[in-house]
Amino acid sequence: PSATTSGDAAWRRSRSAALPWEADATRAIVDAVGDLSRHAETPQLVAYPPDGFFRPHVDSARTGYYGRRDLTWLFYLDDVPDDIPHPECATHFPFAHADPRHFPRFDLAAALQRVDQDGLFVRPVAGDAILFVNVDLETRARPDALSMHAALPCPRAAKRVANVWFEFSDPRLSSSASSASSSRR
C-alpha cells in the first residue's frame, strides 16, 4: 500500500492500494461493473484512520498516468458507528445542488474558496455505492464542478472505501451518461 507523501499530508490523510481485478476482495466490484471493467482503472482500496480525510477535489483533474476519469464508482466497505453524528464521516459534495451555469469555466482554486457546509452529504453504509460523473459531458475536456467531493473526518473510527474510475472513448457511452446526468440536475 502507498501512504500519502509529505507533500500530500495537508491534502489527505489516508492510505491506498490497488486491488487487482482478479483478487477475492474485488469480486463484488467485478460483479457490479461487469463489462464496464474494460473501461476502468484498477480498483483502489482507500483506508482512512480515525480522523482521516481527503480535502475537496475532483477526480478528473488527474493528468499523466491517470486517464480522464469520466465516472467514479465509490463503494462503502464500513458502516459509521451510530454514536457519531451526521455529517461526520460523510462523503461531501459541496456543489451538488448548485446551478451548473455558475461554473462556466472550472477553476479548482476558485472553487475551493467557495466550499462551505452546503451540498450533499452521503453517510457511509457498508455495501452501498455511489456513482457520479466527473467531467463536463458536453465537452469532456474539463472537470464538472458539481462532482467536487471530500471525505470528511470520522472521529474515533476508521473507514474504508473502494473506488473505480472509468474513462469512455465511445461517444455513444458519453451520450448515455449525458442523458442520465441531465436528468439528475
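This is a predicted model: local features need pLDDT of at least 70, side-chain atom pairs count only at pLDDT 80 or more; totals for chains, interfaces and linings use all residues.
View 1. The model contains 3 aromatic pairs. One of them joins W73 and F166, whose ring centres lie 6.4 Å apart with 45 degrees between the planes, a tilted arrangement. This pair connects distant parts of the chain: W73 belongs to strand β6 and F166 to strand β11, 93 residues apart. Ring pairs also bring F75 into a cluster with W73 and F166.

**View 2. The edge-to-face pair of F93 and F132.** The ring planes of F93 and F132 meet at 80 degrees, with the centres 5.0 Å apart, so the pair is edge-to-face. F93 lies in strand β7 and F132 in strand β9 (residues 129-133); the two are 39 residues apart and belong to distant parts of the chain. Both F93 and F132 are buried.

**View 3. The largest nonpolar core.** In soluble globular proteins, nonpolar side chains tend to be buried together. The largest nonpolar core of this model has 12 residues, including I29, A40, L71, W73, F75, V133, V164 and F166. Strands β6 (71-76) and β11 (159-166) are the elements that each give two or more residues to this core. Leaving aside residues up to four places away in sequence, L71 touches L131, F132, V133, N134, V164, W165, F166 and F168. A second, separate core has 11 residues, among them V46, F54, A151 and V161.

**View 4. The disulfide between C89 and C154.** The model has 1 disulfide. C89 and C154 form this bond, with their sulfur atoms 2.1 Å apart. The torsion about the S-S bond of C89 and C154 is about 80 degrees, so the disulfide is right-handed. The bond links distant parts of the chain, 65 residues apart: C89 is in the loop between β6 and β7 (91-93), whereas C154 is in the loop between β10 (149-151) and β11. Both cysteines, C89 and C154, are buried.

**View 5. Charged side chains over aromatic rings.** The charged end of R69 is placed over the ring of W165, at 3.5 Å from the ring centre. In another such arrangement, the charged end of K159 sits over the ring of Y48, 5.2 Å from its centre.

Conventions:
Residues are numbered from 1 along each chain as its sequence is written. Side-chain values use heavy atoms; hydrogens and water are left out. A nonpolar core is a set of buried Ala, Val, Leu, Ile, Met, Phe, Trp, Tyr and Cys residues joined through side-chain atoms within 4.5 Å. Buried means under 20% relative accessible area, exposed over 50%, partly exposed in between (1.4 Å probe, protein chains only). Helices (H or I, at least four residues) and strands (E, at least two) are DSSP runs, numbered from the N terminus. Contact means heavy atoms within 4.5 Å. A disulfide is a pair of cysteine sulfur atoms within 2.5 Å. Rings of Phe, Tyr and Trp (its six-membered ring) pair if their centres lie within 6.5 Å; planes under 30 degrees apart count as stacked, over 60 as edge-to-face and the rest as tilted. A charge sits over a ring if NZ of Lys or CZ of Arg is within 6 Å of the ring centre and within 35 degrees of the ring normal.
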